[in-house]
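Student: Show me the structure, and I will then ask about it piece by piece.

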Amino acid sequence: MYPQEYRYSKDHEWILVESGVGRIGITDYAQKQLGDVVFLDLPEVGRTLKAGEQFGTVESVKAVSELYAPVTCEVVQVNAALVEKPETINKDPHGAAWMIEVRVTDPATLEALMDGTAYQAHVDSEAK
Amino acid sequence: MAEKLRTTPLYEVHRESGAKMVPFGGWDMPVEYSGLIAEHMAVRTAAGLFDVSHMGQLEVEGEGALAFLQRVTSNDVAKLVDGQAQYSSLPLPSGCPVDDIIVYRRSERRYLIVVNASNTEKDWTWLLAQRPAACGLHNLSDQYALLALQGPRAEAILQPLTPLPLKEIAFYHFAEGRVLGHEAIVARTGYTGEDGFEIFLPPSVAASVWRRLVEEGRPQGLLPAGLGARDTLRLEAKMMLYGNDMDETTTLIEAGLSWIVSLEEAKGDFNGRQVLAAQKKEGAPRRIVGFETTERGIPRHGYPVLLDGAPASTVTSGTFAPYLQKSIGLCYLPAARAAVGTPLAVDVRGRRVAARVVSTPFYRRPRP
């Protein structure tokens, strides 16, 4: 379910780092909790974020959820297409629904994240 | 101290179908099944099936039933004939509602009142304290399961299951007969802004009727629908939610419910009449309005509303409207500032989102 090459935060964001650039989104578990997403607010390119800092907001018809940076980073690209079609978050949360691309500026914050197995256990414990 | 949540006779069916369950007014209720937007659209374009068994049912019967109801409700019960229903309320002397209700006249001496789930005990106590000796008052809430089948396909889906001629049941009327062989009351009422029925059933048969309606309806586009879609549907149709859009601090006139306040001679005196008659004549100092945002952002219950940049009110209900594809809401505004077109702003978690007052209902179903 949760790809091993991704890393996950306890706040249900994922990050996939490939050739120095990290893509960040929310997990399948997070989108299921939210329900139908209708609104997405993302930061500007160039913004620097500390791990755990809020970088945006995602809203479903019924709920508002804050987005938190899983790592300390700088935003290098924003998925503008996703802002236009936020329902993609429900359809392809780990793929097309990446939200921002970042340069990780503190690798230790990346090391501290969970792998797929650990995240699955985290989700199972939240769902009781 | 979490009190144990109550469950409806359809609880097992909901669990089986993978519904997302949430606590609502002391009940464990399905908020969505396949997805709020899909369910919302199914009701607008085909049909949706809701479990609203949490709603309360009170029976008023006996010689004094009509006089008692005239005294405690705001609408004119004398206008009802057998088999007719009426949207009404239970006003306080202040003109503010204890609850909003539907009154069903089963016979001259027998009425069924459907009340909001979370108000059932409050309404019961309120009515019991005023009940004259000449009429009986019974809480029948545990004797009925209530299914709401809503949407343009509702009649076609339900008809094969009942010998009642559904075509002949007019809007806000009902018939008593059989559904799948079980005793039922079938009312052409609802809370979605669409055509449809509310079906009162003995709790023991609710699950089998639900399953059969889903089976019958699926090929026609029916989806089981949860409280999430119920809320967005009713708000598009500007149907008021007790506890959000009105309560014991808002008069019926302020709440835009003047049309369920009867000053007819036949009605006579009733709780709140003095205040309501005065406000009906002279106008209320504030009234509820509908607004839509003109910038991106979703207004939600409790968010501050600003007029001329200054806090002036609070969003009572707000949502992204799935059918209308825009953000809408309700709030109370001073009467002098309540005209259609009035600009306002909603404070969406610290961000000011521009909006304007619009005419309501936001959505009106196309009449055939």
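Student: Where in chain B is the place of B:K238?
Tutor: This is a predicted model, in which local features need pLDDT of at least 70, side-chain atom pairs count only at pLDDT 80 or more, and totals for chains, interfaces and linings use all residues. Residues are numbered from 1 along each chain as its sequence is written, while chains are lettered from A and ligands numbered from 1 in the order in which they are written. Helices (H or I, at least four residues) and strands (E, at least two) are DSSP runs numbered from the N terminus. On that numbering, B:K238 sits in the loop between α7 and α8 (273-282) of chain B.

Student: Is B:K238 buried or exposed?
Tutor: A residue is buried if 20 or more other C-beta atoms, placed from the backbone, lie within 10 Å of its own, exposed if 12 or fewer, and partly exposed in between. This residue is not a glycine, yet B:K238 has a positive phi of about 50 degrees. Because 21 other C-beta atoms lie within 10 Å, B:K238 is buried.

Student: A:S19 has a positive phi too; is A:S19 buried or exposed?
Tutor: Phi of A:S19 is near 40 degrees, in a residue other than glycine. A:S19 belongs to the loop between β2 (13-18) and β3 (21-26) of chain A. Since A:S19 has 4 C-beta neighbours inside 10 Å, it counts as exposed.

Student: Which residues of chain B are in contact with B:I199, neighbours within four places in sequence left aside?
Tutor: B:I199 is among the residues with the most contacts inside the largest nonpolar core, which has 125 residues. Such a core is a set of buried Ala, Val, Leu, Ile, Met, Phe, Trp, Tyr and Cys residues joined through C-beta atoms within 7 Å. Contact between two residues also means C-beta atoms, placed from the backbone, within 7 Å. With those neighbours left aside, the partners of B:I199 are B:L147, B:L149, B:V179, B:A184 and B:V186.

Student: Why do the buried residues of α4(B) line one face of the helix?
Tutor: The buried residues of α4 (residues 120-128) of chain B are B:T120, B:D123 and B:L127. On the other side of α4(B), B:T125 and B:L128 are exposed. The buried residues line one face because, by the directions from the helix axis to the C-beta atoms, they fall within an arc of 65 degrees.

Student: Which elements of chain B give two or more residues to the side that touches chain A?
Tutor: The contact joins 10 residues of chain B to 7 residues of chain A. Those contributing two or more residues on the chain B side are α2 (36-45), α7 (227-236) and β16 (310-321).

Student: What radius of gyration does chain A have?
Tutor: The C-alpha trace of chain A spans about 35 × 35 × 20 Å along its principal axes. The globule rule is 2.2 Å times the number of residues to the power 0.38, and the radius is taken over C-alpha atoms. For 128 residues a compact globule would have a value near 14 Å, and chain A agrees with its 13 Å.

Student: Which residue does a cis peptide bond join to B:T360?
Tutor: The residue in question has its place in the segment after β19 (351-358) of chain B. Omega is about 0 degrees, and the bond joins B:T360 to B:P361.
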